[in-house]
Amino acid sequence: MATQQLDVPGRAPERGEDAVRGKLIWSALVGLTWAAMMSFGGVAAETVMLYPNVFHDPPASLDRAREFLAVSGPSDYFPPLGASVVLLSVAATVLTWRQRGLRWWIVAATVVFVACEFLFSVVFFWPRNEIMFVDPAGTHSPEYLRQVADEFVAGHRVRLAGGAVTAALSFAALLRWARTGQRPLVDTDARS
């Protein structure tokens with residue numbers, strides 16, 4: 001006997017709708033995973049290549065970083081990428097909402113990203129960035145700049161861990177979809 005899983009109450013989706021929905025879910029999950037991994041990769045690269053130079057010997061290293069990052073820097077890369085992670089995670093959540101086994105992976109990835117990359121950045125990193133890189137040189141004492149730089153590096157571990165968890169959760173959702181999400185919403189097999 002054929003079983004039916006309804007997508008819209010009272011109406012079974014047609015096979016064409018299943019294919020389109022499946023492609024949208026696949027696209028959203030691939031995009032989300034790609035963006036989350038790019039974000040995490042960027043944070044990881046900053047950690048091993050940029051930050052040892054920027055925070056080596058404050059305030060002198062902060063002055064060199066200001067000169068080096070005069071044309072382009074992390075503030076040009078991460079905000080648009082972070083926005084794409086959030087938008088893709090919202091799209092993936094909406095598209096997979098009726099699939100319990102999948103949606104919670106995406107919701108968890110979204111919550112971790114927003115908490116660790118956005119909210120934590122607004123509360124913790126933005127004020128420290130302002131002190132180290134926006135306020136005119138000489139505004140703050142060298143001791144204070146060293147303290148702020150140490151706090152920034154210590155807090156960066158939260159962002160690095162959050163990025164890793166977000167990338168892992170979104171990749172797990174993509175794998176889960178690849179393994180189980182390809183089935184049509186309507187079972188056309190008439191055998192019992």
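## How H3 and H4 cross

H3 passes H4 in a left-handed crossing, meaning the near helix is turned anticlockwise from the far one by less than a right angle. The two pack at about 155°, with axes 9 Å apart; here axes are lines fitted to C-alpha atoms over the stretch in contact, and angles run from 0 to 180 degrees between N-to-C directions. H3 and H4 are therefore roughly antiparallel, the label for angles over 145 degrees. Helices are DSSP runs (H or I, at least four residues), numbered from the N terminus.

On the H3 side, the contact (heavy atoms within 4.5 Å) is made by Gly-82, Val-85, Val-86, Ser-89, Ala-92, Thr-93 and Thr-96. H4 brings in Leu-102, Arg-103, Ile-106, Val-107, Thr-110, Phe-113 and Val-114. Sorted by class, that's 8 nonpolar, 5 polar and 1 charged residues. For the bookkeeping, Ala, Val, Leu, Ile, Met, Phe, Trp, Tyr, Cys and Pro count as nonpolar, Asp, Glu, Lys and Arg as charged, and the others, Gly among them, as polar.

A quick note on provenance: this is a predicted model, where local features need pLDDT of at least 70 and side-chain atom pairs count only at pLDDT 80 or more, while totals for chains, interfaces and linings use all residues. Numbering starts from 1 along each chain as its sequence is written, and side-chain values use heavy atoms, with hydrogens and water left out.

## H4 against H5

H4 also has H5 as a partner: their axes come within 9 Å and cross at roughly 165°. That makes H4 roughly antiparallel to H5. The crossing of H4 past H5 is left-handed, and the contact between them has 24 nonpolar, 9 polar and 5 charged residues.

## The largest pocket

The largest pocket holds about 830 Å³ of space. A pocket here is an open set of points on a 1 Å grid over the protein atoms alone, where a 1.4 Å probe fits, with protein on both sides within 12 Å along at least five of seven lines. Of its 31 lining residues (an atom within 4 Å of a point), the closest to the centre are Pro-74, Ser-75, Trp-126, Asn-129 and Arg-159.

Elements giving two or more residues to the lining are H1 (15–54), H2 (60–68), H3 (74–96), H4 (100–134) and H5 (142–180). H4 gives the most, with 10 residues. By class, the lining has 18 nonpolar, 7 polar and 6 charged residues.

## A cis proline

Pro-58 and Pro-59 are joined by a cis peptide bond, with omega about 5°. Pro-59 sits in the loop between H1 and H2.

Key. Points joined across faces, edges and corners; volume = space filled by probe spheres on them. Parallel < 35°, antiparallel > 145°, perpendicular 65-115°, else oblique.
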